Each structure stands twice: as structure tokens, then as C-alpha cells.
Amino acid sequence: LWDGSLDTSGYTSVPWTVTVTNTAPFFNIPILPNVTIQMNFIGLYPVSSMIQDNEGHNSFLTYKKYTATGTLLASSAPTIPFISL
Amino acid sequence: LKFFSNSFSDIGVHKFQLQLSDTHLSSTKDLWVEFYNNPPFFIKEVPINLTIKFNNSVEYELPPYMDTEKNNITVILSGVPPIKDFITLNGPYKIVINANQWNQLGSFRVNISLSDSQKINSYFFNVTIFNTAPYFSSGMKPAN
């Protein structure tokens, strides 16, 4: 019940939780199409249209090379043969 | 992404893992890349049969050939003796057939291959060496 007068006797704090979320950028297709490249020919693989970031952040693409059985061969651009950004 | 290689050692299927990051969070996706090479080939057909007269040297020009990856091409002529004794390469575009031994008479299956050192295309053709019996070049005349 409030009689209309200004109550300056105190205040009440109400807990307020603010959650800020962020999600990682991702490829917006389930499986990346396989690439077929002919020796001595340049093959371009346009990935920019497949990249999405829901928060509008810049996305940075890096790559690693594995053997077919999953062993990491190289993880930085200069040491991986025949691929570049 | 850009792919390029001029090395035979890269031929095959490669697995990459692409990573996207906004500097705080990241996600990954696999990418399979097949890198391939084709063997060189003759642009026009290799004749199936060549018939050559015994004791007669014939130079035969090979049909034009190419490699779609523009790799260097090596022509390889092969066959068991006596083929390799009388059919030889003369430079990269010609073969010479010169049969002058009796065991070189008959029909022989010859293999000619085009190689870029990684892949090879083989072609076969037949070479027939024939000989005719001696004969009188004019009619018989009475002896005096």
C-alpha cells in the first residue's frame, strides 16, 4: 500500500542476471564438397559464401592437414603443400 | 582457398581440417581434396598394322601426342627380341623399322608407351615383315 509520498527511507536491490552469449563461426553446409584438382592447374575453392557468424564477427580461417587415418601432418600454411588462402 | 601443385608426390587424396575462429570460439570441418594426374596420350590413333618389306628400312612418323598437365613425355618402345633389334626410336617422334635378319620375318606385336613418369598409356600395333621368293624377271630364252 503506498500513500503517494516519496519514500526516501531506503531501497531494495533486485538481483538481475545478464547473460551475454557468443557462438563460434561455422560452415553453413553440413558437409564441405570434395575438391578435385588437376596437377599443374590452379584450383579455387570459394569458402567465403559457406562461412557464417551469427554475431557478425570477422571469421578467421586456418587449416590443418591430416593423413587419411587421422594423423596430423602439418598445421600451418607454409608447411602444407599446395594449399593457400 | 587456392590449390596448386606441380609435384607428383602430391597426387592422391588429402584430408584437411578447416578451422573457423572469431578469436574466442572456433569450429572445424573436414575437407577432402583429390589431386590427380592424367597419362599422356596420342591425339590420333596409332595405326594397327604396318607391313614392311624385308631388307627395307622404313621410317614411320608417330601420331601427335600430348599431356594435359603439360608434363614431360617419354616415348618407350618395347618388345622382346627380335623386335627390339629392328624397331628403334629415332628421336621422340619417329620409329625406324629395318628388318634384315631371317628371324625378323613374320608378324610381331609391338608396344609403344607414353609416360609422364607418373602415369603411362600403352598402345599396341602389329608389324609384319615379309619377303618374296626370287623370280625370273623375264621369260626364258634359248641358250646358244
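Before counting anything, I noted that two strands pair if DSSP finds at least two bridges between them. Strands themselves are DSSP runs (E, at least two residues), numbered from the N terminus. I am working from a predicted model, where local features need pLDDT of at least 70, side-chain atom pairs count only at pLDDT 80 or more, and totals for chains, interfaces and linings use all residues. Residues are numbered from 1 along each chain as its sequence is written, chains are lettered from A and ligands numbered from 1 in the order in which they are written, and side-chain values use heavy atoms, with hydrogens and water left out.

**Entry: a mixed sheet**

I looked up β11 (residues 106-115) and β12 (residues 120-130) of chain B and found them running antiparallel, joined by 10 bridges. S115(B) sits opposite I120(B) of β12(B). Both strands belong to an open sheet of 4 strands in chain B, ordered β5-β12-β11-β8, with mixed pairing. At its edges I found β5 (49-53) and β8 (74-78) of chain B, each pairing on one side only. From one strand to the next the twist averages 25° (axes are lines fitted to C-alpha atoms, and angles run from 0 to 180 degrees between N-to-C directions).

**Entry: an antiparallel sheet**

Next I checked the open sheet of 3 strands in chain B, which goes β6-β10-β9 with antiparallel pairing. β6 and β9 (87-90) of chain B are at the edges with a single partner strand each, so one side of each has no neighbour in the sheet. The twist here averages 25° from one strand to the next. I counted 4 bridges between β9(B) and β10(B), which pair in the antiparallel sense. I87(B) faces I97(B) in β10(B).

**Entry: charged pairs**

How many salt bridges are there over all chains? I got 2, taking a salt bridge as a side-chain nitrogen of Lys or Arg within 4 Å of a carboxyl oxygen of Asp or Glu.

One of them joins K15(B) to D30(B), with the closest N and O atoms 3.8 Å apart. K15(B) is in strand β2 (residues 12-21) and D30(B) in strand β3 (residues 26-36) of chain B, so the pair ties together parts 15 residues apart in sequence. Is K15(B) buried or exposed? I have K15(B) as buried at 15% relative accessibility (buried is under 20% relative accessible area, exposed over 50%, partly exposed in between, with a 1.4 Å probe and protein chains only). D30(B) is partly exposed at 36%.

I also noted E59(B) with K94(B), their closest N and O atoms 3.6 Å apart. E59(B) lies in strand β6 (residues 56-61) and K94(B) in strand β10 (residues 94-99) of chain B, so this pair ties together parts 35 residues apart in sequence. E59(B) is partly exposed at 44%, and K94(B) is partly exposed at 31%.
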